[in-house]
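Me: I'm new to this structure and would like to learn how to read it. Could you walk me through a few features?

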Amino acid sequence: MAGGPGSPLITTAAAAASDTASGTSSGTASATASATPAPTAATPAANAPGAAPAGTPAPAPAPADTPAARGKYLADAGNCVSCHTPPGGAAFAGGLGFTTPLGTIYSSNITPDNATGIGQWTAADLRRAMHEGIGRGGYHLFPAFPYTSFTKVTDEDVDAIYVYLRTLAPVRHTPPANSLLFRLRWGMSVWNWLFFKPGRFQPDAKQSAEWNRGAYLVGGLGHCDACHSPRNVFLAEIAGRSYAGGSLTDRVIDDQMRRWSAINLTSAHSGLAAWSVDNLTRYLKNGFSPRAGTFGPMNEVIVNSLHNLTSDDIHAMATYLKSLTARDENSTTVPADAVSAGAGIYKDRCEECHGSSGRGGLFNGPPLAGSPVVQDADPATLVNVVLYGPTLPKGISFGAWETMKPYRDVLNDSEIAAVANYIRGSWDNRAPPLTASDVAKQR
């Protein structure tokens, strides 16, 4: 779910997934050769860095009978296919472009093709890429391939992913060349020294096995912090504000790219305070809960990744996320006069589905009261959904909720800003005001 000026040392959180290690002209990530059998997807090996504390019950293992099956499960957890598959292209063959302040970076071909993919990689090559951000041949990777998160993944799980990638059909495909700044890798050694701390996940003995499993998935393969954390001027995650919300660039409609805000995942008032563990579990697993339905960049995360994980693993992730210390980024609220200015538009256009109380309804629409999208300090996602409507992915149902139509041809920028300010300042919602120019940027 980063923008602004940056340094040629790193790409933005926008990718939050792929520059991946590259052994080809465009940049690649993954490996080849014999791999050690990995532990079950749900339970890291005993005494491995990702293992649960001794004496605590282990979560049920994922239904994976072979290293390749376990590897597929783990690759699903990392959502590899979404970032390494362009629209209409072959799965895992790379070429999906990510727009960043430094230019465009393309995901690499991670099929086992010897010429354009990762067919010559070894399992050790993949471990070094994921754990250290070093590609085959010793070159530095850009953290659009989120090795800053993947460094937490156990050797056994990386090896299982390696085995799975070796089962893919080789695809002869060379992704487009990256923008100029992404061909200059020397500065990454400095960036890594400043901002990257390699090391495997260390369980917290004071927490349950479920909590540790959730922490391992969220902070490792899930790399949720890559989108949901703010970044500094060098586009590195600000550690003291992890999971407090971030931003990225992605499609809003057709090939139009716009900024999206990634919500605050902590239990702050502007984050997940109004959500229960069950709400969050249902949303992550099925893309829908009484609190919200998926749309925008989360669609692929739900459909290609989280929907494929076991209910136990999703519940573990929700348990961990709900335990995060509240970090509220909002310091200002919408003035009363700005709130009242949008009341009429809300009554005419929104109240039927979202209710006069903002609580929505089972047969109408999702609640706006307490919504982290509504209260995000960055209004980009809220503006996008008003302008373009929510895009419902295949296989996901919002139940009896009405489908929201796009308002880009119905309301002008000032009217959208007015109704957004009404929503952001009502029902105890707390968020800064936005302007017509904020809306214009998203059109």
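**Reading a helix, a core, ring pairs and a pocket**

Reply: Happy to. This is a predicted model. Let's start with helix H7, where Ala 209, Trp 211, Asn 212, Arg 213, Gly 214, Ala 215, Tyr 216, Leu 217, Val 218 and Gly 219 are buried.

Me: How many residues of H7 are buried, and where does the helix run?

Reply: H7 spans residues 209–219, and ten of its eleven residues are buried, so that the helix is mostly covered.

Me: Which helices do the buried residues of H7 pack against?

Reply: They pack against four named helices: H1 (67–77), H4 (147–150), H5 (155–166) and H11 (311–322).

Me: What should I look for in a nonpolar core?

Reply: In soluble globular proteins, nonpolar side chains tend to be buried together. Here the largest nonpolar core has 100 residues, and Met 130 and Leu 221 have the most contacts inside it.

Me: What is Leu 221 in contact with, leaving aside its neighbours within four places in sequence?

Reply: Leu 221 touches Leu 74, Ala 77, Gly 78, Met 130, Phe 150, Val 153, Ile 161 and Tyr 216. Tyr 216 is also one of the buried residues of H7.

Me: How do I read aromatic pairs?

Reply: Look at the distance between ring centres and the angle between ring planes. The count comes to 15 aromatic pairs. In one of them, Trp 191 and Phe 195 are tilted, at 5.5 Å centre to centre with 55° between the planes.

Me: Why are Trp 191 and Phe 195 about one helical turn apart?

Reply: An α-helix has 3.6 residues a turn, so residues three or four places apart point the same way. Trp 191 and Phe 195 are four residues apart in helix H6 (residues 188–195). Trp 191 is buried, with a relative accessible area of 3%, whereas Phe 195 is partly exposed at 30%.

Me: Can you show me an edge-to-face pair too?

Reply: Trp 275 and Tyr 283 form one, at 5.6 Å centre to centre and 85° between the planes. Trp 275 is buried at 7% relative accessibility, and Tyr 283 is buried at 11%. Rings can also group into clusters: Trp 191, Phe 195 and Phe 234 form one.

Me: Last, how do I read a pocket?

Reply: Ask how much space it holds and what lines it. The second largest pocket holds about 740 Å³. Its lining has 28 residues, and the closest to its centre are Thr 148, Lys 152, Asp 225, Glu 237 and Ser 242. H6, H7 and helix H8 (225–228) each give two or more residues to that lining, and H7 gives the most, with three. By class, the lining has 17 nonpolar, five polar and six charged residues.

Technical notes. Residues numbered from 1 in each chain as written. Predicted model: local features only at pLDDT ≥ 70, side-chain atom pairs only at ≥ 80, totals over all residues. Heavy atoms only, no water. Core = buried A, V, L, I, M, F, W, Y, C linked by side-chain atoms within 4.5 Å. Buried < 20%, exposed > 50% of the residue type's maximum accessible area, 1.4 Å probe, protein only. Contact = heavy atoms within 4.5 Å. Phe/Tyr/Trp six-rings, centres within 6.5 Å; stacked < 30°, edge-to-face > 60°. 1 Å grid on protein atoms, 1.4 Å probe; cavity = no way out; pocket = protein on both sides within 12 Å on 5 of 7 lines; lining within 4 Å. Points joined across faces, edges and corners; volume = space filled by probe spheres on them. Nonpolar A, V, L, I, M, F, W, Y, C, P; charged D, E, K, R; others polar.
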